[in-house]
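Here is my note on the model you sent over. Keep the sequence and the 3D view open while you read.

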Amino acid sequence: MREPWVVGVSGASGTPYAAAVIGGLLDAGEPVDLIVSRAARLTVLDETGRPFRDGHWAEDLAAWLDRDLTGADVRHWPAGDLAAGPSSGSYRVRGMAVVPASTAACAGVAIGLSKDLLQRAAEVNLKERRPVVLVPRETPVTRSHLEHLIALHDAGAVVLPASPGFYGAGAAASAQQLVDFVAGKVLDALGVKHTLFRRWSGELGAARS
């Protein structure tokens, strides 16, 4: 039986993180169910110059990821479809990543708002005790945001801020290397194998030698 990972993309800046996570899952041969919020479509357009449309999602996703999706196991669910598969706990999935996770998305999931399919799917995975990773990117943060992140942590989610480490590539790390570091940490939290970054070996500079 197909058991995909759900990837929710909210409207926060940071769509390269989402692209790297989706690409890492596909490289690992994992099926993906994708939910892109309405706000995220504006961010994708702003950050990549490419649209993301329900009616043309496959070609838009291939252009966004810059990869051939022939043979890839990807399913797209419109964010407004609250009757979609991921809205129910009986729909089998392995877990979910929300990347990037806007303050609004974090708040909505934390208080059970279910404003759209992204929020509903995250709440469903929490109640079913499946892995849920949220990647907030907002900075600085307010007290209310911190309270929502604590509530998510207490509900069983992994709160994984988009905070790249430099030990894998050093101070001269490219933007893509920093993006891949965060994406790799997301995949680590989901238990998915990847080669997105070099791991700490216990020796200074060893990862870059």
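Predicted model: local features only at pLDDT ≥ 70, side-chain atom pairs only at ≥ 80, totals over all residues.

The points below go from the whole chain to the sheet, and then to a few single residues.

1. **Overall build.** The protein chain has 7 helices and 6 strands.

2. **Size and packing.** The C-alpha trace spans about 50 × 45 × 35 Å along its principal axes. Does the radius of gyration of the protein chain agree with a compact globule, or what would such a globule have? A compact globule of 209 residues would come near 17 Å, and the protein chain has 16 Å, so the two agree.

3. Of the 209 residues, 49% are buried. The chain exposes about 10,100 Å², and carbon and sulfur atoms supply 52% of that area. Now take the contacts with a sequence separation of 6 or more. Residues 24 or more positions apart account for 72% of them.

4. **The sheet.** In what order do the 6 strands stand in the open sheet? The order is β3-β2-β1-β4-β5-β6, and the pairing is parallel. β3 (74-76) and β6 stand at the edges with a single partner strand each, so one side of each has no neighbour in the sheet. As background, strands of a sheet pair through backbone hydrogen bonds, either parallel or antiparallel.

5. **β4 and its partners.** Strand β1 (residues 5-9) runs parallel to β4, and 4 bridges join them. Across this pair, Val-6 stands opposite Met-96, and Val-7 stands opposite Ala-97. β4 also pairs with β5, again in the parallel sense and over 4 bridges.

6. **Is β4 buried or exposed?** 7 of the 7 residues of β4 are buried, so the strand is largely enclosed by the rest of the structure. Both faces are covered. Gly-95, Ala-97, Val-99 and Ala-101 lie on one side, while Met-96, Val-98 and Pro-100 lie on the other.

7. **Helix α4.** This helix takes in residues 103-110. Its buried residues are Ala-105, Cys-106, Ala-107, Gly-108 and Val-109. What covers them? The cover includes β4 (95-101), α5 (117-127), β5 (132-136) and α6 (143-154). After the helix comes Gly-112, with a positive phi near 70°.

8. **Ser-37.** Find this residue in the loop between β2 (32-36) and α2 (38-48). Ser-37 counts as buried because its relative accessibility is 7%, and the cut-off for buried is under 20%. Leave out residues up to four places away in sequence. Ser-37 then touches Val-9, Ser-10, Gly-11, Ala-79, Asp-116 and Leu-118.

9. **A nonpolar patch.** Which residues form a nonpolar patch on the surface? They are Tyr-167, Trp-200 and Leu-204, with about 380 Å² of accessible area together. Tyr-167 sits in the loop between β6 (158-159) and α7 (175-190). Its relative accessibility is 32%, so Tyr-167 counts as partly exposed.

Notes: Residues numbered from 1 in each chain as written. Heavy atoms only, no water. Buried < 20%, exposed > 50% of the residue type's maximum accessible area, 1.4 Å probe, protein only. Helix = DSSP H or I, 4+ residues; strand = E, 2+ residues; numbered from the N terminus. Contact = heavy atoms within 4.5 Å. Patch = residues over 30% accessible without salt bridge, like charges linked within 9 Å, V, L, I, M, F, W, Y side chains within 5 Å. Areas by Shrake-Rupley, 256 points an atom, 1.4 Å probe, with all protein chains shown as cover. Salt bridge = Lys/Arg side-chain N within 4 Å of Asp/Glu carboxyl O. Rg over C-alpha atoms; globule rule 2.2 N^0.38 Å. Pairing = 2+ DSSP bridges.
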